[in-house]
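Morning, everyone. I have one structure for you today. Please have a look at it before I start.

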Amino acid sequence: MDQQHILEQARLAVQKKMGDDSSGHDWWHTYRVAETAKTIAAEEHADVFLCELTALLHDMADEKLNDDPEQASRDLYAWMLNTGVELTAVDHVMDIISTMSFKGGNRPPVRTLEGKIVQDADRLDAIGAMGIARVFAYSGWKGRPIHDPRMSPREQLTPEQYRNGNDTAINHFYEKLLKLKDLMNTTTGRNMAAERHKFMELYLDQFYAEWEGQR
Ligand code: ADP
Ligand code: NI
């Protein structure tokens, strides 16, 4: 199997599918996850090709991009076989993607090192400078405010305290972004998350200072 050919075909397929998505699942999200997965995979001595391929395909069967995610999964499976991916690799990629996109409370843990790496890479794109950009882009897309001190005091509140319609971009930092560093699977991912987490804390300090007109 010609790995470079497969990766190039995967890039083209993803670009075709998600080129114009504005909800944060665009091609450039996929690009960053793939690059980050490669970085982590090299450091963790994992299968770099498998990590890159899975990262490129990780949102292809997601419910956010498909009316029928199960059909999208079957299409993805067939696409990989047709493109020349070995059967064991196809099964591995599908296993990772389906575990990663599992919704609900009893999410099964990702099983393999490669799966842990791609999940780390996906989570890393939700924090740090990139995560900040995506939160505001997503909030704007949803028509939500940047911040409202009545809804989101600086202290961390429980998700129950934020009900539907009570959401701002800044709230989402506390609901999700600031929690992600503790969910990392790999040592490399954890170290990268720690850096990005610090950057977000610095950003929030500056944000609140500017909000109050401090000089
Ligand atoms: P994923 O499937 O990658 O977890 P999501 O659809 O949950 O993605 O989120 C995509 C991007 O939009 C992420 O960067 C996330 O932080 C951001 N996002 C998701 N929900 C909200 C929200 N309620 N407010 C602001 N940003 C959000
Ligand atoms: Ni993603």
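**A helical chain and its core**

Let me start with one residue, A55. Set aside the neighbours within four places in sequence. A55 is then in contact with V33, A34, A37, V118 and A121. Keep those names in mind; some of them come back.

A word on confidence. This is a predicted model. The protein chain has an average pLDDT of 90, and 89% of the residues score at least 70. For the complex, the predictor reports an ipTM of 0.95 and a pTM of 0.91.

Now the overall layout. The protein chain has nine helices and zero strands. Of its 215 residues, 31% are buried. Take the contacts with a separation of 6 or more: 62% of them join residues 24 or more positions apart.

Next, the domains. The protein chain is divided into domain 1, residues 1–108, and domain 2, residues 126–215. Seven residues from domain 1 and eight residues from domain 2 make up the contact. What classes of residue does domain 1 present on the side that touches domain 2? One nonpolar, three polar and three charged.

On to the core. The largest nonpolar core has 40 residues. A37, C51, A55, L57, I117 and A121 have the most contacts inside it. Which helices supply at least two residues each? They are α1, α2, α3, α5, α6, α7, α8 and α9. The largest share, six residues, comes from α3.

Last stop, α6, residues 113–124. This helix has 12 residues. From first C-alpha to last, α6 reaches 16 Å, close to the 16 Å expected at 1.5 Å a residue. Is α6 largely enclosed or largely open? 11 of its 12 residues are buried, so α6 is largely enclosed by the rest of the structure.

Notes: Residues numbered from 1 in each chain as written. Chains lettered and ligands numbered in written order. Predicted model: local features only at pLDDT ≥ 70, side-chain atom pairs only at ≥ 80, totals over all residues. Core = buried A, V, L, I, M, F, W, Y, C linked by C-beta atoms within 7 Å. Buried ≥ 20, exposed ≤ 12 C-beta atoms within 10 Å, placed from the backbone. Helix = DSSP H or I, 4+ residues; strand = E, 2+ residues; numbered from the N terminus. Contact = placed C-beta atoms within 7 Å. pLDDT = per-residue confidence, 0-100. Domains from an automatic or database assignment. Nonpolar A, V, L, I, M, F, W, Y, C, P; charged D, E, K, R; others polar. Expected span 1.5 Å × (residues − 1).
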